[in-house]
Amino acid sequence: MKKLTLLLSVFCISFSVWAQKGAVKGQVTDKNTGEEIIGANIMVEGQGIGAATDIFGNFQFTIAPGTYTVVCSFVGYQQFKVTELTIAADEVVTLNMQLSEDSQLMDGVTVEAQADRGSSEMLMVDRKAASLMVQNIGAMELAKIGASDAGAGLKRVVGLSVQGSKFVVVRGLADRYNGSYLNGFTVASPNPDKRVLPYDIFPTDIIQNLDVVKNFSPSYYGDFTGASVNLLTKSFTDEQQIDISFGIGMNTQTTFKDFLSDPARSNDVLGFNKDRNTTSTLDAKYLSPFTGQPLDFNSRNLEGQQQIYNTSWDPESISAPLNHNASISYTNFFDVNDDLGIGLLLNANYGASSVIQEGGFVRLENTGNAQVDFKSDIYDFNTNFSGLANIALKYKENHDLRLYNLYTHLSENNVREDRGFFFDSFEDKRYVRRITYKDYILLANQFDYTGKFDKLTVNLGGSLSNATSSEPDRRQIILDYAPEWEDSESYLFTKNDARNNQRVFIEFEDQEFSGRAKINYALKRGDNDLGETADKMSVEVGVDYKNRDRTQSIRRFNHSIQDNNAFRNLFPEERVGIYEIDNLISDVNVYNDVLRVQEDPVQGDGYDASIEVIAPFVNFKTELISDVLDMNIGLRYEDANQEVSYYLSNPNTPDVTRIESSDIFPAISFRYSASKKDIFRLAGSRTVSRPDFKEIAPFRYVPNFGNYLQVGNPGIENGYNLNFDFRYERYTRRNGLLALGLFAKLLDAPIVTVGVPSGTPTITYTNADQASLIGAEIEIRQNLGLISEALDNFFFNTNLSLLSSNVKFADVTRLEFQNLDLTGLRDRDLVGASRYLFNADISYEKFATKVDYNFSVAYNIFGRRIYGIGVNGLGDIFELPYGTLNFTASSKFGTKRQWGAKFTARNILNPAIRQEQEILDLNTFEVLREQEIITYKKGINFSLSLTYSIF
């Protein structure tokens, strides 16, 4: 609270210092037609201060008292210059400007540089003109709210929440129901557990804008229910610019505290560690449960001094360092000649952070008693490195070729300790430690060509992406508590639980090629809101193609005592210090027959998968009433072949699951302009929900000891959806917006998560009978100067989503996995669906003679939502609501605004993150009560960064 008070004090003092400024406002119009000009630039010469006109041609900015020259410019028009403009303190000067067309510009050079599509003004213009229901957030807004990555930025969009800072939930539909695109192309995801991209791997420094499309169009893939999120990476600017940035940060419950770390972490500072052990150290060839002989390490089969271990089983204690980040970018546009121009953007980002998470984990019996009750301490060291190289070639005015090249590398170094009650351990107390290193890499190379030939526009594009994920050498040790050593850190080695004293190697690779070819022919043309020539009636024909291949495998090596007498010679009382595991698990003890290391293959440990989709489509767009009513109608045909192969029942031949489908997906939408300010939209479509690879493959995975086993279901099928949307939008001055929306979705055979009754609590996937989702959204974006001129520098954004969902299990025969009985499944909400989502932020901008300032406060909260599915007679697990409050202060200073500074405070309220589980009546399945099973806090994050720009 003291920290928050200090921040507010700084804000108030700053406000009083800047109160003695003046303002310039006005409107820019076409001199001949009187039409408003949208996106014109108004700049004060030599000051770096100005604004762009909004969708009504209006602009406004503040400036220190003085006499200035103001210049207005727009492509295709002559400059409008006002000299000797005097502005007094607290004075508002009205400056209306009329621009004349520039015939010389029209006949001159045809190569133009890139417009800034990341500005809030241009994004609002695009949104208003779009035929689809698009919501977007640009680079400027991301910087304003202090978002560190794409995941943090997407929380700002109405109807969206983000789970684990990575995965988007849209209108109550979790990641599996959403599509993700990078520069308009689908790409492989480096996270094998999710079908969409983890958005925390994209730092905001590489983002131009985020587009969220909520109604289906045939130009998108048909595997669509919630939304398609398209992340556009930055492109070049008109002139040369080099930006260098460095920042540091801290977490209140982590930084400078005692921090357990894998000793190998010292080599992971940049996220790269070639010394990490992999399965190739053990055996160059992957051995399936049926076609290869599992490895068995002991003194009789080791070859000479063959090394098994090159990593430690004991963590080291260090002081958690400051979080830090750095970036550098270069951009320029080169005029090669009168016809050819080349744009270039190079960017590199690096960040590292440490997090300590203290809390608890409980697994319940169906009576409500605890089977597992652990106190958990989790230590995470994370790195994120990304590189971007984008090139644009613009030939004359009708040829545009873009090359996008992205590399991103995320590493997670984790030490987890669990202590407490475990139902089948000695004296019912247990110590568990898992050391895990995870490595995620995404490499994407893309090209996009657009050629314009009179009324015909041709677009060709392709993307080749490769995603890898690995857990090279995960180490887990299980020790039983000895009561006579209550005050010691010594435990009994769990001899009879060799399968949990294990070393695990997981390898995953996804490779995807996607391509498209389409042509658009304009049957009728006219001017749009920007005064540009636009299609009033057109037909678009195209074809999309994608092919994704995946390989995933897991190998487990169990550790057991080979010779009890030899073990007692090393540990006379059979007790082992929890931080002295290397004295037991070592090459020497394997050679001396104290310890045995044996591979433990399980059916379904490896699988190969692929999906191929060929999709021709057609779109027809027309004005039914000129400048009033537009219609888009289209069809998409998709021929899809999905295949997953694995060893489950036949020792010589892999089992294969195939899902082949040929479907037609229609879509229709209307856009009605009741006035220049009022837009009505209506849309309907049919789409598909295809199972992800991991939902099909019987690949077994346990997130942490004592948790549920996760496994796929080969009997799963496609689901199909009907989608309906209605939206009203009112656009007001200064980029203001009021939007009201209603939506409904009917899902046939939706793919859902279910709990399976078994000896080991298990989570799998099946098709429910049907599901429904209805909801409402409201969005408000407004400059508060409409209320009072004293509030002219304040900008307010808020949105609220209300929704209701229901999954019905009237037909559960679709679940064919191991003939398991699902009796007792109850109708419920969709996993991840909150009854409400609320976002709000308020920002304050001020422009002084040599310094620009921005302050922003953002708040987000979601309603209670299902986090996990109960098993063995237990009810579902719910994540309870908590609010997140962030503060950002930034400034630009210097004669050319070449210096920038930013301070952020995230998660200021530091709420407890809690999960609770329903306890059911085993006869009626009615909820008796809820019991808390997880609680922890994240701590408050502070960061400070400095940027320098070279022009």
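**View 1. Strand β15 and its two neighbours.** Isoleucine 248 meets its bridge partner, histidine 324, in β19. These two residues belong to an antiparallel pair, β15 (residues 241-251) and β19 (residues 323-335), joined by 9 bridges. Turn to glycine 249 and you will find its bridge partner, serine 943, in β49. Strand β49 (residues 941-950) also runs antiparallel to β15, with 10 bridges between them. Two strands count as paired if DSSP finds at least two bridges between them; strands are DSSP runs of E, at least two residues long, numbered from the N terminus. Please keep in mind that this is a predicted model, in which local features need pLDDT of at least 70 and side-chain atom pairs count only at pLDDT 80 or more, while totals for chains, interfaces and linings use all residues. Residues are numbered from 1 along each chain as its sequence is written, and side-chain values use heavy atoms, with hydrogens and water left out.

**View 2. Two loop residues with positive phi.** Most residues other than glycine have a negative phi. Aspartate 454 has a positive one, near 55 degrees, and sits in the loop between β23 (429-453) and β24 (456-481). Asparagine 907, in the loop between β46 (899-906) and β47 (913-920), has a positive phi of about 60 degrees. Aspartate 454 counts as exposed because its relative accessibility is 66%, whereas asparagine 907 counts as buried at 9%. Here buried means under 20% relative accessible area and exposed over 50%, with a 1.4 Å probe and protein chains only.

**View 3. The largest cavity.** About 330 Å³ of space lies in this cavity. A cavity is a set of points, on a 1 Å grid over the protein atoms alone, where a 1.4 Å probe fits but cannot get out; lining residues have an atom within 4 Å of a point. Its lining has 21 residues, with Arg195, Asp223, Glu512, Lys546 and Arg548 nearest the centre. The largest share of the lining, 3 residues, comes from β12. By class, the lining of the largest cavity has 8 nonpolar, 6 polar and 7 charged residues.

**View 4. The second largest cavity.** Here the space is about 120 Å³. Among the 17 lining residues, Arg156, Val157, Glu779, Arg781 and Asn799 are the closest to the centre of the second largest cavity. Two or more lining residues come from each of β9 (134-138), β39 (770-783), β40 (794-808) and β41 (836-847).

Methods:
Helices (H or I, at least four residues) and strands (E, at least two) are DSSP runs, numbered from the N terminus. On a 1 Å grid over the protein atoms alone, a cavity is a set of points where a 1.4 Å probe fits but cannot get out, and a pocket is an open set with protein on both sides within 12 Å along at least five of seven lines; lining residues have an atom within 4 Å of a point. Grid points are joined across faces, edges and corners, and a volume is the space filled by probe spheres set on the points. Ala, Val, Leu, Ile, Met, Phe, Trp, Tyr, Cys and Pro count as nonpolar, Asp, Glu, Lys and Arg as charged, and the others, Gly among them, as polar.
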